[in-house]
Amino acid sequence: MAISLPNGPRVHASSYDVGLETKERVVGVSEVLAWKNEFKGKHLVLREQSGSDGWHPKSHPNSPIHAQTSICVPRAMRWWEKNITTNMREITSAQDLVDSLLHAGDKLVIVDFYSPGCGGCRALHPKIGQLAESNTNALFLKVNYEELKSMCHSLHIHVLPFFRFYRGAQGRLSSFSCTNATIKKFKDALAKHGADRCSLGPAKGLEESELVSLASNQEIQFSYPLKPSKSNDLVLLSST
């Protein structure tokens, strides 16, 4: 099932301060799975607090305790790091995404927008890995929505999982959301745009309106790429 993208809470480490002693507790895997099933993969933060100074249990009137409890997910549960093939790569910034598209040449590029807390993304991930393995001429760029939320807002990504297909001078070929149940949509797009071909001109990458949106976003560091002018000279686009 595709999910919309509200601005949900984050997950923090669990700690208890008792006097001068600090104790930490890591939630077990089985307990995490139980909570995850209950909340359908949504982020969860639990805080036990009263007043401005913290939570004071009645059983310890002279030992104030500040408690902040949340889920600490073991690294083994990071599903988005599994089934990664040589032609799959994680995008680290807006600049990285723009440069990767511009330097891809005539290669088919598939941008996969996902979130660690998206159940539909997790269910679809193994199949995307299999398709990437069988289509080695294509480049799969993975974008973690939680890590690059501001960039995703500028690119108008409002539902997950979400995919965009790009190739050479044609730029964006298609964009859509699909889930495990509608994986045929992804396979059809891959079959339609996957055949090798030569483009007349340099790779286009993102739409100019998207570049303007990224450049005007004060929360991210981004420089306009160089673009060929009509006289085949390179000019630096202005963000104004």
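Strands here (E, at least two residues) and helices (H or I, at least four residues) are DSSP runs numbered from the N terminus, and two strands pair if DSSP finds at least two bridges between them. The model is predicted: local features need pLDDT of at least 70 and side-chain atom pairs count only at pLDDT 80 or more, while totals for chains, interfaces and linings use all residues. Residues are numbered from 1 along each chain as its sequence is written, and side-chain values use heavy atoms, with hydrogens and water left out.

Strand β10 (residues 162-167) runs antiparallel to β11 and is joined to it by 6 bridges. Within this pair, Y166 stands opposite R172 in β11.

The largest nonpolar core has 31 residues, and F113 and M151 have the most contacts inside it. A nonpolar core is a set of buried Ala, Val, Leu, Ile, Met, Phe, Trp, Tyr and Cys residues joined through side-chain atoms within 4.5 Å; buried means under 20% relative accessible area, exposed over 50% and partly exposed in between, with a 1.4 Å probe and protein chains only. Two or more residues each come from α2 (94-102), β7, β8, α4 (149-154), β10 and α6 (208-216). Leaving out residues up to four places away in sequence, M151 touches S93, A94, L97, V143, L214 and I220. Of these, A94 and L97 are among the buried residues of α2, whose cover includes β6, β7, β8, α4, β10 and α6.

Another core, of 17 residues, lies apart from the largest one and includes L108, L124, L131 and F176. L124 and L131 are also among the buried residues of helix α3. The cover of those buried residues includes β6, β7, β8, β9 (159-160), β10 and α5. In α3, a kink of about 40° lies at H125, shortly before the proline P126; the bend is the angle between axes fitted to the seven residues ending at a residue and the seven starting there.

Terms used
Contact means heavy atoms within 4.5 Å.
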